[in-house]
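I opened my notebook to look up a few things here, friend. Come along and read the entries with me.

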Amino acid sequence: MPRKDITPFSQAVYEATRLIPLGRVSTYGTIAKFLGKPRAARAVGNALHNNPLAPQVPCHRVVMSGGHLGGFAEGIKKKKKLLETEGVICKSGRVVNWSEIFFSFK
DNA sequence: CGTGTGACTCGGT
DNA sequence: GACCGAGCCACAC
């Protein structure tokens, strides 16, 4: 079974993202910090953008610090919709109840 | 091995 | 609140 070009760092990102409970969201920086590299937020973004495990990883639950949606491979609009489906309210590319649903892996 | 790129973050204006 | 510039990280070529 052919394994995709998953790098160790990317896989770590996917596993961390998988831990985000339904209805909650986290940030790239938070995930990076959880992995032990608080400065690797950018690298985290890259890993999720690659996203070969899309159906398995709730990458839509990951946004920028402050509650900004950030980006999404299928389109930021789709991300917004998915979040609303899980109970996360968004507005103008931003999460409304950010402080309520923020998840920091603790 | 050096360069370029991106779903980031922070601080200042 | 929005925009801009500089700093940081891992990865593909």
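I began at a base: an N or O atom in the side chain of Arg42 sits 2.5 Å from a base oxygen of DNA strand C. I kept in mind that this is a predicted model.

Next I listed what surrounds DNA strand C, and found Thr7, Phe9, Lys37, Arg39, Ala40, Arg42, Ala43 and Arg94. Sugar or phosphate supplies 62% of the atoms of DNA strand C within 4 Å of the protein, and bases supply the rest.

For Arg39, I found a backbone N or O atom 3.4 Å from a sugar or linking oxygen.

I turned to the other strand. DNA strand B is surrounded by 16 residues, and I wrote down the closest: Tyr28, Arg42, Asn46, His49 and Ser65. Of the atoms of DNA strand B that come within 4 Å of the protein, 44% belong to sugar and phosphate. The surface near DNA strand B has seven nonpolar, eight polar and one charged residues.

Asn46 places a polar side-chain atom 2.2 Å from a base nitrogen. A polar backbone atom of Gly71 is 3.3 Å from a base nitrogen, and a polar backbone atom of Gly29 is 3.2 Å from a phosphate oxygen. Helix 2 (28-34) and helix 3 (41-50) are the elements that give two or more residues to the surface near DNA strand B. Helix 3 gives the largest share, six residues.

Last, I looked up salt bridges. How many does the structure hold? I found two.

One pairs Glu15 with Arg18, with the closest N and O atoms 3.8 Å apart. Both residues lie in helix 1 (residues 8-18), three residues apart, about one turn of the helix. I logged Glu15 as partly exposed because its relative accessibility is 38%, and Arg18 is also partly exposed, at 44%.

The other joins Glu86 to Arg61, with the closest N and O atoms 2.7 Å apart. Glu86 is in the loop between helix 4 (76-85) and strand 3 (90-91), and Arg61 is in the loop between helix 3 and strand 2 (62-63), so the pair ties together parts 25 residues apart in sequence. Are these two buried or exposed? Glu86 and Arg61 are both buried.

Terms used:
Residues numbered from 1 in each chain as written. Chains lettered and ligands numbered in written order. Predicted model: local features only at pLDDT ≥ 70, side-chain atom pairs only at ≥ 80, totals over all residues. Heavy atoms only, no water. Near = heavy atom within 4 Å. Polar contact = N/O pair within 3.5 Å; in protein donor to acceptor, adjacent residues only side chain to side chain. Helix = DSSP H or I, 4+ residues; strand = E, 2+ residues; numbered from the N terminus. Nonpolar A, V, L, I, M, F, W, Y, C, P; charged D, E, K, R; others polar. Salt bridge = Lys/Arg side-chain N within 4 Å of Asp/Glu carboxyl O. Buried < 20%, exposed > 50% of the residue type's maximum accessible area, 1.4 Å probe, protein only.
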